[in-house]
Amino acid sequence: MLTKLEAARKSFQNEVKAATILNDVEQIKIKYLGRKGIVADFMKLIPALPGEQRATFGHQINNFKNEVAEVLEDCTRKLSLVSAPQVKKELFDITLPGKQIHSGRKHPLTQTIEEIKEVFARLGFDVAYGPEVELEYYNFDALNIPADHPSRTDFDTFYIKNDVLLRSQTSTVQIRIMEKQKPPVRIIAPGRVYRPDTVDARHSFMFHQVEGLLVDEGVSFADLKGVLSQFIKTYFGQDIRMRLRPSFFPFTEPSAEVDISCSICGGKGCGVCSYSGWVEILGAGMVDPNVFKAVHYDAEKYTGFAFGMGVERVTMLKYGIDDIRLFYENNMRFLSQF
Ligand code: DAH
């Protein structure tokens with residue numbers, strides 16, 4: 001008998017949980033407390049019980065009845081609040097803090113790209129774009145990168161099929177623009193690049209670069225230096241220093257790697273700059289005559305410079321971000337700081 005009562009209690013509790021409108025509560029009330037309801041049915045069983053059990057069972061039924069009545073009353077009160085706008089309005093607590101509205105913002109990498117575009121726009125550079133799925137020709141051959149260069153293996157480049165790949169550098173856009181346009185050329189090309197690197201605090205299989213290219217008559221290395229130092233001082237601050245180290249890239253001759261005085265420690269030496277006081281931010285140089293040959297520019301008449309920088313890298317250096325993965329994780333606590 002008592003187990004039957006327990007079962008009735010369980011199903012009552014489930015039904016109450018599922019009730020969403022007042023009418024539901026009313027139906028439950030009829031089912032349990034009505035004249036022909038479950039409680040009444042239990043009551044009818046009492047007289048047939050042996051004497052000593054009657055009192056206990058009667059007591060249990062009464063408890064159940066009171067419990068049902070109480071729970072239903074409570075439920076009725078709660079549901080009427082929801083459906084009675086007047087009551088709801090009166091319950092509005094004006095001392096509660098307002099709902100915070102989160103406004104969207106641009107991703108820090110987008111912000112950096114926009115800042116870079118702005119600086120170079122003032123120097124007369126247009127913005128150009130090229131495809132991320134690229135022909136091997138634009139990523140390597142036209143850039144004077146020989147067939148046996150290690151960067152062409154599939155350890156360093158994602159191949160889609162034979163001569164189609166995911167571009168590993170934005171230098172591809174140099175060729176695409178020069179093929180279409182006669183000098184003078186003055187562009188920057190921001191975009192994504194891909195390399196099969198194992199992801200860690202400094203590497204990602206996808207990152208962003210901004211390429212720069214200026215071609216005209218009489219362009220010199222001094223012009224390159226002037227443009228880069230203008231950019232560095234505007235982006236990082238007036239007291240940041242720049243230095244050029246001789247280097248090699250197949251598509252520029254001479255080539256240089258460009259360092260800035262470490263923006264984290266001010267050049268004193270820290271973990272970020274490996275205690276050297278300098279950090280590399282880009283590669284640059286004078287456009288190699290072989291590149292001009294590939295796009296049918298007259299290398300006797302024109303000279304030019306090119307550069308390529310990592311967007312993640314300059315952003316990390318500017319803000320002291322120590323893990324590249326933070327840019328791609330969509331963590332609002334990180335992103336909302338910018
Ligand atoms: N494409 C080079 C890289 O991804 C960067 C670079 C170096 C671009 C020198 C240039 C340049 O335009 O002149 O490492």
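Here are legends for a few close-up views of this predicted model.

Local features need pLDDT of at least 70 and side-chain atom pairs count only at pLDDT 80 or more, while totals for chains, interfaces and linings use all residues. Residues are numbered from 1 along each chain as its sequence is written, and side-chain values use heavy atoms, with hydrogens and water left out.

**View 1. The protein chain splits into domain 1 (2–91) and domain 2 (109–335).** These bounds come from an automatic or database domain assignment. The C-alpha centres of the two domains sit 74 Å apart.

**View 2. The largest nonpolar core has 42 residues.** Such a core is a set of buried Ala, Val, Leu, Ile, Met, Phe, Trp, Tyr and Cys residues joined through side-chain atoms within 4.5 Å, where buried means under 20% relative accessible area (1.4 Å probe, protein chains only). Phe120, Phe236, Phe305, Phe307 and Met309 touch the most other members. Elements that each supply at least two residues include H6 (108–122), H9 (221–236) and strand E10 (303–310); helices (H or I, at least four residues) and strands (E, at least two) are DSSP runs, numbered from the N terminus. H9 gives the largest share, seven residues.

**View 3. Phe120 and its partners.** Setting aside neighbours within four places in sequence, Phe120 is in contact (heavy atoms within 4.5 Å) with Phe125, Ile188, Val227, Phe231, Phe307 and Met309.

**View 4. H6 meets H9.** From H6, Thr112, Glu115, Ile116, Val119, Phe120 and Arg122 meet Val227, Phe231, Thr234 and Tyr235 in H9. The helices pack at about 135°, with their axes 10 Å apart; axes are lines fitted to C-alpha atoms over the stretch in contact, and angles run from 0 to 180 degrees between N-to-C directions.

Methods:
Buried < 20%, exposed > 50% of the residue type's maximum accessible area, 1.4 Å probe, protein only.
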